[in-house]
Amino acid sequence: MLLDQLSTLSHPERMRVFRLLMRRCPDAVPAGEVAQVLGFKPSTTSVYLSALQKAGLIHHTRDGNSLRYAVKLDGARDMVAQLFTDCCNGRPDLCPPAMVDPLQRMAPMSDHKHNVLFICTGNSARSILAEAIMRHEAGDRFNVYSAGTKPFSELNPFAVEMLAQKGIETGSLRAKNVSEFQGPGAPHLDFVFTVCDLAANEECAAWEGQPISAHWGLPDPVKAEGTDAEKRLAFQHTFGAMRNRIIAFTALPLDTLSRASLQNEVDEIGRTKEDT
């Protein structure tokens, strides 16, 4: 199985599909969206998805008439474990330093405020709401930031209005590029959450220090149509869903969970329905 998996991933386009699904984990992504994001023909995408599924790296679920694909985490973990055990003789000194017990680099919660970054494409609505909500709810325990892969110059007025109505400070909020959080002088990040599918779909360099990351995708309230009242209702739904996730996250006992358990918890939060 290991050789089949490595052979499957040795194909650069199949690897692109696998990397996309890994970035969208725990989401299950429609085959059509995979094709659109990566610029593949539907028939080509089906061949790549079939090969990855046959290798035990992804699985699919049916949603009506369409199929949705997601990473099969057990299969991916088994592949890495076999590679480490069989090829590296189980020697941790042969692994890159960042892979060796990363939990040891996470200081206990009582020692410092963890740094959290929320990423969206425009950094004008969902990620801004997340930054403001989390700073309001748990700013004494977390340093909170947000950024965009292609940030707008101005924040969405409905997002700012919604926060102000909830009594949440907005004066310090601004749209930022993810480049502010990469390279020398950037804050060491403990958690990175993507909150829109477009940002999660984009290729980006691995974050230094291996922060725990997860995809908390929510529908874009900016795309809501209709009257201003209907648009405000869409932002209300997004606000409520984001706040629910943040409350669940800030309630986690970060100082007692293992890294694997913590990753499972933040992934599970990302599966939460968008209920207010």
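**Helix packing and a pocket**

Axes here are lines fitted to C-alpha atoms, for helices over the stretch in contact, with angles running from 0 to 180 degrees between N-to-C directions; helices are DSSP runs of H or I, at least four residues, numbered from the N terminus. Look at where they touch: Arg 245, Ala 248 and Phe 249 of α9 meet Val 266, Ile 269 and Gly 270 of α10 (contact means heavy atoms within 4.5 Å).

This is a predicted model: local features need pLDDT of at least 70 and side-chain atom pairs pLDDT 80 or more, while totals for chains, interfaces and linings use all residues. Residues are numbered from 1 along each chain as its sequence is written, and side-chain values use heavy atoms, without hydrogens and water.

On the α2 side, the contact uses Glu 13, Arg 14, Val 17, Phe 18 and Leu 21, and α4 brings Tyr 48, Leu 49, Ala 51 and Leu 52.

Finally, which residues lie nearest the centre of the second largest pocket? They are Arg 24, Asp 197, Gly 217, Leu 218 and Pro 219, out of 34 lining residues (on a 1 Å grid over the protein atoms alone, a pocket is an open set of points where a 1.4 Å probe fits, with protein on both sides within 12 Å along at least five of seven lines, and lining residues have an atom within 4 Å of a point). α3 (31–38) and α8 (197–201) are the elements giving two or more residues to that lining.
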